[in-house]
Amino acid sequence: MPCATGLAALANPILKMIYPSAPDGAAILIGSTITMIFVSLNYVVNGGLYGFGKIYIPAIALAVGGVIKLALNVILISNPKINIYGAVISSIICQGLSFFICLHYLNKQIKLELNLKNHLLKPIFASVIMGAIVYLMYYMLINITSNSISTIVSICIGIIIYVILIFIMKMLNKEDIYMIPFGTKLYKILVKLKIYE
C-alpha cells in the first residue's frame, strides 16, 4: 500500500525522471498501482497455499484471471473511449480475482481471522498520510532543485514517514518487532520513547 500510494503521488515526477523525453502515461501508472497491491497480496497468499501443498490452486486462479484478462483486453482496448486504459482495468480484475480465489481456499485451510483495523484501515490511513506528505514535499522541492533530486528526496522522506507511522500507530506487536533485525534493541528504544509499553 505505501509503495502503491507513493507511486500514485509521484507518478508524473517518476516518469519524467525515468523517461525525460516521453513523460506521458501517469494515469496508466496510477491505475497500475492497484494491480501492484493485488500482486503483492497474491505472493503472500500463494506462499500459504504452497505450504499446505495446494500448489495447483494459485496456477488455476491465475489461469482463470488470465482468460478473463484476455477477454477484457479484446473488449476494452478496442473501445476508442477506453483504449489502452483497458489493459490496466483488465490487469486489476485479473489479479484481484486471482487473489480472492486463492484467499478463499487459504481460508478453508486455516480459518483466517483478519483484524480489519490493524490489517486494512491502519495501513491505508498511514499510506494516505505518507502520500500527501510526499506529494507536498515534491512540489516544495521542485522550486529549488531538479525533478530527479526532488523525486528521490521525496521518496526517501516517504519511507521515513511510513516507518515512523508504523510504530506510532502500533501496526506491529512486540513479537513482530522482535523478528526485525536488531528488533530487541529497537523495542527497548520504543519503550523508552513511551510508544510501546
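F52 sits in the loop between α3 (26-51) and α4, in what is a predicted model.

**Around F52**
- Leaving aside residues up to four places away in sequence, F52 touches L106, Q109 and I110.
- P123 is 71 residues from F52 along the chain, and their C-alpha atoms are separated by 28 Å.

**Helix α4**
- With 22 residues, α4 reaches 31 Å from its first C-alpha to its last, close to the 32 Å expected at 1.5 Å a residue.
- Its buried residues are I57, P58, A61, G65, L72, N73 and L76.
- Seen down the axis of α4, these buried residues fall within an arc of 130 degrees, so they line one face of the helix.
- Among the elements covering the buried residues of α4 are α3 and α5.
- On the face turned away from the buried side, α4 carries the exposed residues Y56, I60, V67, L70 and V74.

**The nonpolar patch**
- Y50, I55, Y56, I60, V64, I68, I84, Y85, I89 and I93 form a nonpolar patch on the surface, and together they have about 940 Å² of accessible area.
- The most comes from α4, which gives four residues.
- One of the patch residues, Y85, lies in helix α5 and counts as partly exposed at 41% relative accessibility.

Notes: Residues numbered from 1 in each chain as written. Predicted model: local features only at pLDDT ≥ 70, side-chain atom pairs only at ≥ 80, totals over all residues. Heavy atoms only, no water. Patch = residues over 30% accessible without salt bridge, like charges linked within 9 Å, V, L, I, M, F, W, Y side chains within 5 Å. Areas by Shrake-Rupley, 256 points an atom, 1.4 Å probe, with all protein chains shown as cover. Salt bridge = Lys/Arg side-chain N within 4 Å of Asp/Glu carboxyl O. Helix = DSSP H or I, 4+ residues; strand = E, 2+ residues; numbered from the N terminus. Buried < 20%, exposed > 50% of the residue type's maximum accessible area, 1.4 Å probe, protein only. Contact = heavy atoms within 4.5 Å. Expected span 1.5 Å × (residues − 1). Arc of directions from axis to C-beta.
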